[in-house]
Amino acid sequence: MCGIVGYTGCNQAAPILLEGLSKLEYRGYDSAGLAIESEDKIKVVRAKGRLHVLEEMTDNGRAMKGTCGIGHTRWATHGVPSVVNAHPHCNAKKTIAVVHNGIIENYQSIKAHLQKKGYQFESETDTEVIAHLLDSYYQGDPIEAIAKTMVRMTGSYALGILFFDQPGKVFAVRKDSPMIVGSTPEGNFLASDVPAILKYTKNVYFVDNMEIVSIGADSIHFYNLDQEEIEKEITTINWDAEAAEKGGYEHFMMKEIYEQPKAVQDTISPRIKDGEIVLEELGMTEDEIRKIRHIYMIGCGSAYHVCVSAKYVIEALARIPVEVDLASEFRYRDPILEEDSLVIIISQSGETADSIAALKEAKSKGAHVLGIVNVVGSSIAREADSVLYTWAGPEISVATTKAYSTQLAACYLIGIYFGKIRQTITDETYQELVEELMKLPDKIQRVLGDKERIQWFANKFAASKDIFFIGRGLDYGTSLEGSLKLKEISYIHSEAYAAGELKHGTISLIEKGILVVSVATQPELYEKMISNMVEVKSRGAYLMGLTCYGNYSMEDTANFTIYVPKTAKYFTNSLAVIPLQLLAYYVATARGLDVDKPRNLAKSVTVE
């Protein structure tokens, strides 16, 4: 959610911080601010609205002199978007400045305690409590004050902190919210995500839960909650700065849609050697895989839709019962996990708060937890028993595309691999699936070649108020994702339904001219889908059909048809989702909307 950047070194800090914050705009925000250490005070500038307002107020940072500072983009949780509620927040004397990502759950009781001691508050935020609490504990030792503050607070947080009497130093701490530290010869960085500092360094430290960091211009020190110094290993990020730029595309979303063939290739290729799937990352022996009695798949948003689709694939190929859960619901139902269960947590960022909580719940019940994530060193990657990385590279647009496709590819690998080991598929089927899997990137590229027709069609329905998506089996999972993409960035009300459920109430919503997108790629369900399409067409719906080449009878029913290449029936989601991503993109652009940063949404939801 909120974005944090810090810098201390030999260069002017404010321009660097503003540039870093611009790389975190995808996280969603409603205000922004800077705190820069100057000779006589900590200077703070805050602004409501987009980052360009803060840039104009500070002459792109040139008006704020100083080589040490912190910056923040805020997503409102406590208190409305305003200058007063924007970060950084300070103590009364303006000698301590704090930026915060997360939620302090017990801030009201802390606030009441501090008010009794004479502290006064200007904002409605939970973050201002942190600044005053630090002030109450600070006796000249910042690590001691931070540690005492951490013990007092409950909730999730990543903090960047300045103490005026600790010149040239930025302090940081994290609990359940992401934080990294970057190292360069010209200074050191703090950030809540890699793109903020990728221009300057690929060498980063991942801050672990309940760790404190003291960052100087030429020093980085880590401490545990007992204030004991600890050693950390540096990690080299394999992304480059160019990968986090638009590269000539109008929006990151379109760039990332077009990066899907390569992203899927990068996820599949390292795991297929001499025609055999090799998944050593799972950390499971063949005997352990054979003993699996149940799989629980957990995710949020698009990752949840991957789970829905993967259920069909894994159950069909490996013959293991698969249960799918929304991460936000998993632990609250007090789940019963069978012995010899595997829990798979899927998250692009690896920092999704609900997914991390579900991971901890699963581990507490003794399950082996596999994380499927994109970000190396993220919280889920570190806390899971094993991790399967999706090599999608940086994904900036809030609406996921290539991360979704690579998560699907990872699940295909698992389904085929488990099927072979458990001998639930023949050697011949195994080889056919592996060969078809390797062809997926080229077939995705072919689908992208039909974008002009999709753009023309999207322009016709840009003024729609309601759009429905229907599908059966695996196509239902595709429909869920297509509907989410559309509503995320176009703000058009959209729903996805299992097509067989239409007659149980939903069909009453179908009126003349309403667009119904019908996904029909599954051979055994194709005729049933045609029947469902006839049902809605007879009520006046305008039908878009999405099917595989060869199913030309679709045109007898649909008003407009999109074809994707034939592939194994288990992999059709990877092809069918591409036209739906393009449909959402072109509808949103036709409506003149900010595709990469849709309202009210954030890339990584790090609070519950």
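Partly exposed residues are those with a relative accessible area between the buried limit, under 20%, and the exposed limit, over 50%. In this predicted model, D385 counts as partly exposed because its relative accessibility is 41%. K363 is partly exposed as well, at 37%. The side chains of D385 and K363 meet in a salt bridge, 3.8 Å from N to O. D385 lies in the loop between α12 and β22 and K363 in helix α11, so the pair ties together parts that are 22 residues apart in sequence. Salt bridges with shared partners also join D208, E211, K232 and R382 into one network.

A search of the whole structure finds 27 salt bridges. One of them joins E276 and K420, with the closest N and O atoms 2.6 Å apart. This pair links distant parts of the chain: E276 is in strand β17 and K420 in helix α13, 144 residues apart. E276 is partly exposed at 28%; K420 is partly exposed at 31%. Another salt bridge forms between E286 and R290, at 3.0 Å. Both residues lie in helix α8, four residues apart, about one turn of the helix.

Strands β12 and β13 run antiparallel and are joined by four bridges. They form a hairpin with four residues between them. I215 has I220 of β13 as its bridge partner. β13 also pairs with β14 in the antiparallel sense, over two bridges. Here F222 is partnered by I230. Five residues separate the strands of this hairpin, and Q227 takes a positive phi near 65 degrees.

S483 is found in helix α16. S483 counts as buried because its relative accessibility is 1%. Beyond its neighbours up to four places away in sequence, S483 touches F469, S494, E495 and A496.

Key: Residues are numbered from 1 along each chain as its sequence is written. This is a predicted model: local features need pLDDT of at least 70, side-chain atom pairs count only at pLDDT 80 or more; totals for chains, interfaces and linings use all residues. Side-chain values use heavy atoms; hydrogens and water are left out. Two strands pair if DSSP finds at least two bridges between them. Buried means under 20% relative accessible area, exposed over 50%, partly exposed in between (1.4 Å probe, protein chains only). Contact means heavy atoms within 4.5 Å. A salt bridge is a side-chain nitrogen of Lys or Arg within 4 Å of a carboxyl oxygen of Asp or Glu.
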